[in-house]
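This report examines selected local features of one protein structure. The sequence and the structure are shown first.

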Amino acid sequence: MQILLLGGTRFLGRATAAAARDRGHDVVCLARGNGPVPDGVRLVVADRDVDDALAAVADRSWDAVVDMATQPGHVRRAVRDLRTPHRVQVSTANVYARFDLPEQPEGSATVPALEADAMAGMEDYGAAKVACEEAVRAAGGTATVVRAGLIGGPGDVSGRLGYYPWRFAHPTGTDVLVPPDLSMPTAVIDVDDLATWLVEAAERGLDGTFNATGPTTQLGDLLDLARRVAGSDAVARPVPEDVVAAEGVNPWMGPTSLPLWVDDPAMRWFATLDTSAARREGLRTRPLEETLARALAEEEARTTPRGCGLTDEEEIRVREAIDRR
């Protein structure tokens, strides 16, 4: 197959380009060129904010177009300018309107689609992805819309999944500070498992909307696996909620945070999805322990600042606050 990948230089896009190449396809990536594409894949440099950005790849029909875009205008122009019988659109679980229910299926209510071509800020993320979904469904032909959950593994610059195995491997004391609720439901999909399935969907011309993430796992069990892959003697120490608040520790992601935990009951099941439809169509996910080990290797090789979790100084400060309590 001749596959056009809109993206391909970072994380999931790059993994998808490599998966398509490894399955024998002729792969062209169109991207800004902020990073390298895999060996054997051709890069066309273009800025999709420009109206005619796709001109260099619009003079032919592609067997499939795989799009990683978030901005609705990018997807609307791809539908306008590119000829293909099948499109694969990478969407997100953020499209859903509520997260207080476990493992919601694809038929659950979504937020209204963003009418504008560009997000004003990350508060528009879910609505923007809904607009992207609607554009590819209206394009004609077949379309695979994939609502992905949290993605982990090689190339994950966020560090959300890799933080805990890394912290267990590099403790600042005899314990590792973790969220107060170890029963928090979590789920994650390995980037290479998702990438492989995206390519398989393109090969088959799979038509429909599918959730894609790993099995639901309690945070405490994930932390046990993180400790094991790190070979650590440190123990997990939950931070009481009053200390979390007093010390300015954030949930889920970002600086000074305890990743993978959400303190809002309305968002409790945010990470979980019903993936039975995708699994019936061939989605396969590796054991979480293997993805955690791959995430740890990524963190050990990191050359840029970690964007989430607690720094050594922050963890020591919060631990001292717990001890004073």
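Are F99 and F270 buried or exposed? Both F99 and F270 are buried, where buried means under 20% relative accessible area, exposed over 50% and partly exposed in between, with a 1.4 Å probe and protein chains only.

## Basis of the values

The model is predicted: local features need pLDDT of at least 70, side-chain atom pairs count only at pLDDT 80 or more, and totals for chains, interfaces and linings use all residues. Residues are numbered from 1 along each chain as its sequence is written, and side-chain values use heavy atoms, with hydrogens and water left out.

## Aromatic pairs

Rings of Phe, Tyr and Trp (its six-membered ring) pair if their centres lie within 6.5 Å; planes under 30 degrees apart count as stacked, over 60 as edge-to-face and the rest as tilted. One of the pairs is F99 with F270, edge-to-face at 5.0 Å centre to centre and 70° between the planes. F99 lies in the loop between β5 (86-92) and α3 (125-137) and F270 in the loop between β15 (257-259) and α8 (276-280), so the pair ties together parts that are 171 residues apart in sequence. Helices (H or I, at least four residues) and strands (E, at least two) are DSSP runs, numbered from the N terminus.

Ring pairs also link F99, W252 and F270 into a cluster. Y163 and Y164 form an edge-to-face pair, with 5.2 Å centre to centre and 70° between the planes; both Y163 and Y164 are buried.

## Helix α10

Helix α10 (residues 312-324) has 13 residues and spans 18 Å from its first C-alpha to its last, close to the 18 Å expected at 1.5 Å a residue, the expectation being 1.5 Å times one less than the number of residues. Its buried residues are E314, E315, V318, R319, A321 and I322. Seen down the axis of α10, they fall within an arc of 155°, so they line one face of the helix; the arc is that of the directions from the helix axis to the C-beta atoms. The face turned away from the buried side carries the exposed residues E313 and R324.

## Histidine 74

H74 belongs to helix α2 (residues 72-81) and is buried at 11% relative accessibility. Its side chain makes a polar contact of 2.7 Å with that of D49. A polar contact is a pair of N or O atoms within 3.5 Å; within protein, one must be able to donate a hydrogen and the other to accept it, and residues adjacent in sequence count only if both atoms are side-chain atoms.
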